[in-house]
Structures are given as C-alpha cells and as structure tokens.
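Please study the sequence and the structure displayed below.

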Amino acid sequence: AIIKKNRAVKRNPRIILFSPRGRKFDQVIAKNLSKEKHLILICGRYEGIDERLSELLLAEELSIGDYILTGGELPAMVVTDAVTRLLKGALGNIESAEAESFEKNLLEHPHYTRPADFMGKKIPKVLLSGDHNKIAAWRKLESARITKIRRQDLLKGFKS
C-alpha cells in the first residue's frame, strides 16, 4: 500500500500484521500467500503497532495461535517458512508438499527409517512389501486413524 495524504491508495503488496486478534494462520492461508508476488510482514513489539497505521496500510491481521508472544518476529518466521516451502523448487519435489499433514485435513502417516527392526520395534510389513497400492492404502488408513485420535477437529473438512 502507498500512504498518501493520510489515506491508503492502491494496494500492491499484501500486508500482514501479526496480532492475537487476527485470523488463525493455517495451511490454506499459507497456500494463498505463496501465490502472492510481494508480501510485507509487520512485526509489532509488546502491544503491537499504532491502530491508525494498521488502518492506513490496510493490513490484514494473522495469528499463529492462541497464546501471546513479545513480538511478531517468531510468527513472521513461521509464516515465512510455511509459505517458502510451497514455492516452486523449494523442496525439490512438489509431491513432498502435497503429501504433508493438513493437505487433505488429515495428519500425516507415520514414517520409518532403517533398520527394519529397532530395539524390537519393527516397521509394518506392508511398507517392506514393495506393493505401492497397498502402501498407499496403509498410509491413508494410518493418516485417518491418527487424525481421529489426535485431531478430530480436522475430520470436519476431510476430503477423501
């Protein structure tokens, strides 16, 4: 936004102000912000910034959660990281971002590394089977199971 004679004129970059009274930041907002050409992130300290400046800038307010921090720097880092990883080339493989938690209103399935048996805990056999269809089905089922146990609120918007 350009400030001219005490009023905001033509809004070019999207201006974000971090505030507890803002909309709660989530993956949908991150995707939306990743499509913007320019973003300005405003980080107030303690009590924020002067209300008049917020109004003049036409800043939209975002919150990263229901708690209070001393400033907006950490929320700005959270938003920057969440948005940056959605930019083309940031992860190397776009499919990496498409299979993450919250993409289909589910938490992500468990991940395993080597060795196949670690201190008596084994990787599920299906993951060692090489059958990609069965592995995909297992991952989807596990995502739904974990989401039901830990974040039932996400299931309201579940897209199968």
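How many residues does helix α3 have, and how far does helix α3 reach from its first C-alpha to its last? In this predicted model, helix α3 comprises residues 73–84, which makes 12 residues. Its span from first to last C-alpha is 16 Å, close to the 16 Å expected at 1.5 Å a residue.

The side chains of this helix may be considered next. Pro75, Ala76, Val79, Ala82 and Val83 are the buried residues of α3. Because they cover an arc of only 135 degrees around the axis, they lie on the same side of α3. Met77 and Asp81, on the other side of α3, are exposed. The packing partners of the buried residues of α3 are β3 (14–24), α1 (27–34) and β4 (39–42).

The backbone itself also deserves attention. Most residues other than glycine have a negative phi, and most peptide bonds are trans.

The peptide bond from Arg114 to Pro115 is cis, and its omega is near 5 degrees. Pro115 belongs to the loop between α4 (94–98) and β6 (117–118).

Tyr46, a residue other than glycine, has a positive phi near 55 degrees. Tyr46 is located in the loop between β4 and α2 (51–57), and it is exposed, with a relative accessible area of 63%.

Leu58 likewise has a positive phi, near 55 degrees, although it is not glycine. The loop between α2 and β5 (60–63) contains Leu58. Is Leu58 exposed or partly exposed? With a relative accessibility of 42%, Leu58 counts as partly exposed.

Key. Residues numbered from 1 in each chain as written. Predicted model: local features only at pLDDT ≥ 70, side-chain atom pairs only at ≥ 80, totals over all residues. Heavy atoms only, no water. Helix = DSSP H or I, 4+ residues; strand = E, 2+ residues; numbered from the N terminus. Expected span 1.5 Å × (residues − 1). Buried < 20%, exposed > 50% of the residue type's maximum accessible area, 1.4 Å probe, protein only. Arc of directions from axis to C-beta. Contact = heavy atoms within 4.5 Å.
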